[in-house]
Number of protein chains: 2
Amino acid sequence: MTKETTGTDTAAPIQKKRKVTVVEVAEAAGVSVSAVSRAFNPDASISRPLREKVFKAAASLNYKPNRLARGIKSRSSLVGILMTDFNNPFYLPILSRFTTEIQKRNCHSLLIHVDGDMDIQEAVELVMEYNVDGLIITSASLPQELVDACHSQNTPAVIFGRDSSENSVTVVSCDNVLAGNMAADMLLDAGYTKPAFVAGPIGTSATIDRQRGFISRLMERGCNQWQVVEGGEFSYDAGYDATLRIFQHTEKPDALFYADDIMACGGMDALRYELGLSVPEDIGVVGVDDIRLAKSRSYNLSTIRQPNEQMIQSTIDALFEHIADPHLPPQSITLPCEAVVRGSTQKTRT
Amino acid sequence: MTKETTGTDTAAPIQKKRKVTVVEVAEAAGVSVSAVSRAFNPDASISRPLREKVFKAAASLNYKPNRLARGIKSRSSLVGILMTDFNNPFYLPILSRFTTEIQKRNCHSLLIHVDGDMDIQEAVELVMEYNVDGLIITSASLPQELVDACHSQNTPAVIFGRDSSENSVTVVSCDNVLAGNMAADMLLDAGYTKPAFVAGPIGTSATIDRQRGFISRLMERGCNQWQVVEGGEFSYDAGYDATLRIFQHTEKPDALFYADDIMACGGMDALRYELGLSVPEDIGVVGVDDIRLAKSRSYNLSTIRQPNEQMIQSTIDALFEHIADPHLPPQSITLPCEAVVRGSTQKTRT
DNA sequence: CTGAAAGCGCTTACAG
DNA sequence: CTGAAAGCGCTTACAG
């Protein structure tokens, strides 16, 4: 019934709730605006009594500093998060942890979705328009242009990647070559002899490294009947389709190492429901990531687990260290991964 | 080798790359700063030739407006996204679409993770410190305090919820009572006679509505042997555990309606691998959401699909309409959902 | 349509 | 440690 009170001629213009400013707090506390500003700045030189006086006045007026106005001369308290892989469920908990950690440090997250259309250089520049204090880049692929873009702005940036061997910007990743080694060992140890690698997105360093580690270990151990198959994106469907394609070949593998768990799940469903094969009896399967589904009874997937928690923590720590001291040289942090043996490779040795 | 150039006594302080400002652009273009400002403001009154002159100078200097400085008097171009359900994969694509749509409109997303520790009032106030132009709240639960918090600030806000029947703030949701009706029909039509509802998080309006719709339809159709079980959070594990609990009762159901697909997946695994039951022969299963996994061969889950794309689009449209015209009255948009019949309810009628 | 000037809310040398 | 004043980069009445 009160629905139409707006829209009449007499409607008062909606006024943004007047925000309390430093000036008003200063008046209420009987101090200068400088004092108010300092009170809200953790490492400004101000006496304890003065700060408390300011706080009291601020609280009574319900004053909140305007972060935008602050950011113009000082820190914005904004951390940019650039993400590309919004279709991989792997990244939701990671995003969750990032925002939580950023908020703990009294900063906030500017989330930028970098998709195909928008080039990365552009995205990085854009985020700079907000004067972000730092930048986290989460991307399975790590194009050089991205690294350059970070470097050209001199804003602290850390790449939460799956890559390493970059030295002009800080990157934290896990050892993907090692992951490949482990996958090879798991399969060979279980008695499989003709493994294939199902690759992820082309140009993705993680995929490349995993493949390298996988193949080199196979060869080291005298296994020469391997093959590599294009996979496509990190997705259930990509794993499914790639698997069907493999079995049109004349050389059929007896084990599959997927670049990713979600691909492995798609692949297992294709194996079982389309191709009528049993896992692990007819064919062994290994993935990477240890997503929640991997340990479900439906998949029971052997996988290589990345030290997620540590990677996240290192990323955040490194970022804030660099924000605190911009002189710090970039570092490259590579963490080890861990093999998780489950049912999908539990073939009894023949 | 150049690694240690920093850190010596002579190290020049790292200077933030000097940003080009309006003043410099104005000089280069031979116009006033007002002109520069107007050129970058879509609906300012400025002649085409002047604007072009400014753009040319700006481009040659690689000028980008400082959004923080702009936001202090005008729009911040920031849209706050408040999220609580970071453990449900359902929300990743939604978040993806939100940020994409926001970016299309030349705005950016301030992502706030609202977790248990932090109360919502606080989160809303916080986001206001950034002068956000608008606010999207994504939450399965919709506590009154949240609605109040939005209302008290007068910033356009829309709740992407699973709720309705709120009229002081705009909310878009799907018809969860209808979802419950549909689930009841699917199960009854397939010949099941003793269904149970596995609830989601307590106090979540979506769960409550689904349950209401489910039960009322069952009773309408003369089915009185139903029961309701507490589920817990929307997660694989919660569905798994709840299912095991149900079967300790004396009254065993022959069909289960889970508040959520991810719970249903956990539940199906418990049924099949822990309880030795066949789906759909021994027991029918229905979920809600139609997540990617639902149509996988491993689950082949009947479900109720929400009109996600439309809900997202409506949310964004409503938000930007309200930003453009703050006088618009809040609206409540409820969209219909759709039944997706798959294998998990394909029991032949007995 | 255009420009000169005041102002947004906060920070930071500069004196004391 | 504290305050008066200048300044951050942009916007917006106010005149013309």
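Guide: In this predicted model, a residue counts as near a strand if one of its heavy atoms lies within 4 Å of it.

Visitor: Which residues are the closest to DNA strand D?

Guide: Of the 25 residues that surround DNA strand D, the closest are A:Arg38, A:Ser47, B:Val22, B:Ser37 and B:Arg70. Sugar and phosphate make up 63% of the DNA strand D atoms that come within 4 Å of the protein.

Visitor: Why is the approach of B:Ser37 to DNA strand D called a polar contact?

Guide: A polar side-chain atom of B:Ser37 lies 2.5 Å from a phosphate oxygen of DNA strand D. A polar contact requires a pair of N or O atoms within 3.5 Å, so the pair qualifies.

Visitor: What makes the pair B:Asp237 and A:Arg292 a salt bridge?

Guide: Their side chains meet at 2.2 Å, N to O. The cut-off is 4 Å between a side-chain nitrogen of Lys or Arg and a carboxyl oxygen of Asp or Glu, and therefore the pair is a salt bridge. Across the interface of chain B and chain A, the rule finds six salt bridges.

Visitor: How do you know that strand 2 of chain A pairs with strand 2 of chain B?

Guide: Three bridges join these two strands, which run antiparallel. Pairing needs at least two bridges, so the strands are paired. One bridge links A:Leu110 with B:Leu110.

Notes:
Residues numbered from 1 in each chain as written. Chains lettered and ligands numbered in written order. Predicted model: local features only at pLDDT ≥ 70, side-chain atom pairs only at ≥ 80, totals over all residues. Heavy atoms only, no water. Helix = DSSP H or I, 4+ residues; strand = E, 2+ residues; numbered from the N terminus. Polar contact = N/O pair within 3.5 Å; in protein donor to acceptor, adjacent residues only side chain to side chain.
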